[in-house]
Every structure is written in structure tokens, then in C-alpha cells.
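Open the model in your viewer and keep the selection panel at hand. This tour goes from the whole chain to a few helices, a pocket and some loop residues.

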Amino acid sequence: MREIVFDTETTGLDPSQGHRLVQIGAVELIDFLPTGREYMTLINPMRPMDPGAAAVHGITDAMLEGQPIFDAVIDDFLAFVDGANLVAHNADFDMKFLNFELKKIQRPVLPKTRFVDTLEIARRRFPGQKLSLDALCKRLGVDNSMREHHDALLDCQILAEVYLELRGGRQHGLGFQAGGRAKKNLATNGPAFDKPIRRDPRPHAPNEAELAAHQAFIKRLKSPIWEN
């Protein structure tokens, strides 16, 4: 199963207030594990950065000068995520910005059915607990020590590990590996196993030598329990 963990950074909190994307990061997963294929781009938002947003992700106006605008990068991003579900933490936020930008250039939006929200998964698993990405890293034992600021690609790399743990870790579903990947049992929606090889019954009857040795052993016993 191919999925894409993705994250965005923005100039602010609401695209309806004129805020724009400034960074997109993405990491490819196959069967919940990173393949090594990654995508990252900075985007010139054609507007100033809010100081509050810059404090979160550390991206400044100077860093965005000369970067491509959204129209120039979206085809590469869509090609990278083609055919895969999109995994994000608080997916509504990223989906809102991404679809706003797509509408702005009269491109089809991405349907909500393509998005997997790790925040919702975490809410079901840890109800009433702190569920920020940093809090989940601490709870699930994922190293996030390199995360001084929000960064779309770094956050994707960390979220990929969190997502794996939320889905059950490397022994996900206890699906034992056969031929490289676990086969799915369609009847039980669980792991399937290869049909066992039938073997002829093994002989268990003692031969004459074994019977004679047994009788000799019995004769050496003094007051066996079955004679009392």
C-alpha cells in the first residue's frame, strides 16, 4: 500500500484572510515504511510573512525571495502523490490551504477521502491526552530532538515514524512476512498463511527390538505401582 505523508508551512492560519503556502514536504511510504523517496519545495507566497508564523517555522521573507510560486511547483507535487492517500497531522489545516491554492489557479481540489488524519487516529487511541506531534513523539518513543522549528520535510519524516507506531509498529497487525510481504486473508481480514504441505503419517508402532528392550526394563523394576 502506497501512502504519502505530507506537511505544509504557511504565512499564517487562514487562507481566507490572504495567507498562503510557503513550503510543502512529502515522504513516500509503502506498507507504512518510508521508501527513501521525498519531496520538498519552498514557495514564494507573493506576500509578507506574519511574524507569528515565522517564529514557528523560521522561514523568512528573505528565504522566499526568488523561490517559485505555487503554479510552478504544483504539477511536480501532484505527480509525486499521484494515486496515494495523503497522511497529515491535523489534515484539515493542510487540506484547507492546499485546496485553496488549487482553486485559486482553477485546478481540481483533492477530495477529503484521500486524506488520512493522524490526529484523529491519535484521538481514538489516546482520548483526552495531549496529541501534538511533539507529545506523540514522547508517548511513542520517536526521536524528535532535531526539531527546533517546524519544517515541512522534517515534520514529515518524524510523522512517518509516529504514523507507523499508531498503526501498530513494525509488527503491524502481526502480519508475518512471507515472500517479502504478508499475504492478506480475505476471509478474516488478517494475515494469511501458505497452505500447509500434507505429509504421510509417520509410523509410531514399536518394532520387535524395542518391545524386547521394554520388557527387559519392566522386569528390572521392583514392586511397580501397577502391581500394588
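A contact means heavy atoms within 4.5 Å. Residues 24 or more positions apart account for 64% of the chain's contacts with a separation of 6 or more.

This is a predicted model: local features need pLDDT of at least 70, side-chain atom pairs count only at pLDDT 80 or more, and totals for chains, interfaces and linings use all residues. Numbering runs from 1 along each chain as its sequence is written, and side-chain values use heavy atoms, with hydrogens and water left out.

**Whole chain**

Switch to cartoon. There are eight helices and seven strands. Both are DSSP runs numbered from the N terminus: helices are H or I with at least four residues, strands E with at least two. Now colour by burial. Buried means under 20% relative accessible area, exposed over 50%, and partly exposed in between (1.4 Å probe, protein chains only). Of the 228 residues, 39% count as buried.

**Helix α3**

Select residues 70–81. The expected span of a helix is 1.5 Å times one less than its number of residues. For the 12 residues of α3 that gives 16 Å, and the end C-alpha atoms are 16 Å apart, which agrees. Show side chains next. F70, V73, I74, F77, F80 and V81 are buried. Seen down the axis of α3, its buried residues fall within an arc of 125 degrees, so they line one face of the helix. The arc is taken over the directions from the helix axis to the C-beta atoms. On the other side, A72, D76 and A79 are exposed.

What covers the buried residues of α3? The cover includes β1, β2 (21–30), β3 (33–42), β4 (85–88) and α4. Step past the helix to G83, which follows α3 and has a positive phi near 80 degrees.

**Helix α7**

Select residues 152–166. The 15 residues of α7 should span 21 Å, and its end C-alpha atoms are 20 Å apart, which agrees. Of these 15 residues, 12 are buried, so α7 is largely enclosed by the rest of the structure. Among the buried ones are A152, D155, C156, Y163 and L166.

**Second largest pocket**

A pocket, on a 1 Å grid over the protein atoms alone, is an open set of points where a 1.4 Å probe fits, with protein on both sides within 12 Å along at least five of seven lines; lining residues have an atom within 4 Å of a point. The second largest pocket has a volume of about 530 Å³. A volume is the space filled by probe spheres set on the points, which are joined across faces, edges and corners.

Select D7, T8, E9, F93 and H150: of the 25 lining residues, these lie nearest the centre. β1 (2–10), α1 (51–57), α4 (91–104), α6 (133–140) and α7 each supply at least two lining residues. β1 gives the most, with five. By class, the lining has 10 nonpolar, nine polar and six charged residues. Nonpolar covers Ala, Val, Leu, Ile, Met, Phe, Trp, Tyr, Cys and Pro; charged covers Asp, Glu, Lys and Arg; the others, Gly among them, are polar.

**Loop stops**

Go to D14, in the loop between β1 and β2. D14 is partly exposed, at 26% relative accessible area. D14 touches H19 and F97, not counting residues up to four places away in sequence.

Finish in the loop between β2 and β3, at D31 and F32. D31 has a positive phi of about 50 degrees although it is not a glycine. F32, also not a glycine, has a positive phi of about 75 degrees. Buried or exposed? F32 is buried, with a relative accessible area of 11%, whereas D31 is partly exposed at 30%.
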